[in-house]
Amino acid sequence: MFSSWDHLAHKTPTGSLNRLEFLQQLVTEYQTSQEQESQEQVLANLANFAYDPINYEYMRQLNIIDLFLDMLSEPNETLVVFGIGGICNLALDKKNKEHILANDGIQQVVQCLSSTNEDIILSTITTLMFLVTPVSKSDITAPHVLMCMERFSHSPSKRISNVASVFLQDYCTKDQQLQARQLYENESSADTTSSHNIPSPTDIPLPSGLPPESSASPKDPSPSDIVPISEGPT
């Protein structure tokens, strides 16, 4: 549920940390922590706070959007999950979108299409749709991205195939959809034996598909599983 200022004032006890102070505390904890598990938990909570528009101004002040973007290139897959999840939660807001686009966000998000983690791919495709503007659309629907989407539309994962199909149908012209199919068919016929690390025009490795949903690793966290820490303000 989204918050309102009146709701926050009513629910926050006198003397408690206000929302900005609490988010600052989380950022500081992430920056100073040497424990990977602690960093993952903090980032999970920051991604969870990104659901609520009332936090957006604070997140811009504290450079949390940039923190999420930085996570997209982390070798730790869990940090990438929460990083792209946070970006996905923020991207529909106009000011957040402008900030992401102005800071090379499209290229950083597109690189996440090389992941084999289902949650990362779902958040990435959704984020790209949220970031479409008249100016950014040409980059988001570039040929190498279209080929990724066409490939994902054939994924055995229904969640991935459905969202990739929505991308192609709602954000691409008929000519672009045809181009995507042709690129996919040409790439498939050129190398039917390789199932991973197939180069694209931007060197994005394109996975040929993901395991069915039932075989997804149970240890991979999903943004929907994020739970805010209990001692924070409500």
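A crossing of two helices is left-handed if the near helix is turned anticlockwise from the far one by less than a right angle, and right-handed if clockwise. The model is predicted, so local features need pLDDT of at least 70 and side-chain atom pairs count only at pLDDT 80 or more, while totals for chains, interfaces and linings use all residues. Residues are numbered from 1 along each chain as its sequence is written, and side-chain values use heavy atoms, with hydrogens and water left out.

**Exercise 1. Overall make-up**

Determine how many helices and strands the protein has, and how much of it is buried.

Solution. 
- Step 1: count the elements, which are DSSP runs numbered from the N terminus (helices H or I, at least four residues; strands E, at least two). The protein has 13 helices and zero strands, and its pattern along the sequence is α-α-α-α-α-α-α-α-α-α-α-α-α.
- Step 2: apply the burial cut-offs (buried under 20% relative accessible area, exposed over 50%, partly exposed in between; 1.4 Å probe, protein chains only). Of the 234 residues, 49% are buried.
- Step 3: look at contacts (heavy atoms within 4.5 Å). Among contacts with a separation of 6 or more, 72% join residues 24 or more positions apart.

**Exercise 2. Helix 9 against helix 11**

Describe how helix 9 and helix 11 pack.

Solution. 
- Step 1: two packed helices are described by the angle between their axes and the distance between the axes. Axes are lines fitted to C-alpha atoms, for helices over the stretch in contact, and angles run from 0 to 180 degrees between N-to-C directions.
- Step 2: helix 9 (residues 118–130) and helix 11 (residues 143–152) have axes 13 Å apart, at an angle of about 130°. Helix 9 is therefore oblique to helix 11; angles under 35 degrees count as roughly parallel, over 145 as roughly antiparallel, 65 to 115 as roughly perpendicular and the rest as oblique.
- Step 3: this crossing of helix 9 and helix 11 is left-handed.
- Step 4: from helix 9, Ile-121, Ile-125 and Leu-128 meet Val-145, Met-149 and Phe-152 of helix 11. The contact has six nonpolar residues, no polar and no charged. The classes are nonpolar (Ala, Val, Leu, Ile, Met, Phe, Trp, Tyr, Cys and Pro), charged (Asp, Glu, Lys and Arg) and polar (the others, Gly among them).
- Step 5: nine of the 10 residues of helix 11 are buried, including His-144, Glu-150 and Arg-151. The buried residues of helix 11 pack against helix 8, helix 9, helix 10 (137–140), helix 12 (158–171) and helix 13 (174–190).

**Exercise 3. Two partners of helix 6**

Which geometry does helix 6 have with helix 5, and which with helix 9?

Solution. 
- Step 1: the axes of helix 5 (residues 64–71) and helix 6 (residues 77–90) come within 7 Å and cross at roughly 135°, which means that helix 5 is oblique to helix 6. The crossing of this pair is left-handed.
- Step 2: Nine residues of the contact between helix 5 and helix 6 are nonpolar, two are polar and none is charged.
- Step 3: for helix 6 and helix 9, the axes come within 9 Å and cross at roughly 25°, so helix 6 is roughly parallel to helix 9. The crossing of helix 6 and helix 9 is left-handed.
- Step 4: among the residues in this contact are Glu-77, Val-80 and Ile-84 of helix 6 and Ile-120, Thr-124 and Phe-130 of helix 9. The contact of helix 6 with helix 9 has seven nonpolar, five polar and one charged residue.

**Exercise 4. Leu-46**

Is Leu-46 buried or exposed, and which residues does it touch?

Solution. 
- Step 1: Leu-46 is in helix 3 (residues 36–49).
- Step 2: the relative accessible area of Leu-46 is 0%, so Leu-46 is buried.
- Step 3: leaving out residues up to four places away in sequence, Leu-46 touches Leu-23, Leu-26, Met-59, Ile-64, Leu-67 and Phe-68.
- Step 4: Leu-46 and Ile-65 are 19 residues apart along the chain, with 9.9 Å between their C-alpha atoms.

**Exercise 5. Positive phi**

Locate Asn-63 and Asp-104 and state their phi values.

Solution. 
- Step 1: Asn-63 is in the loop between helix 4 (56–61) and helix 5. Its phi is near 60°, a positive value in a residue other than glycine. Asn-63 is partly exposed, at 47% relative accessible area.
- Step 2: Asp-104 is in the loop between helix 7 (94–102) and helix 8 (105–111). Phi of Asp-104 is near 60°, and Asp-104 is partly exposed at 43% relative accessibility.
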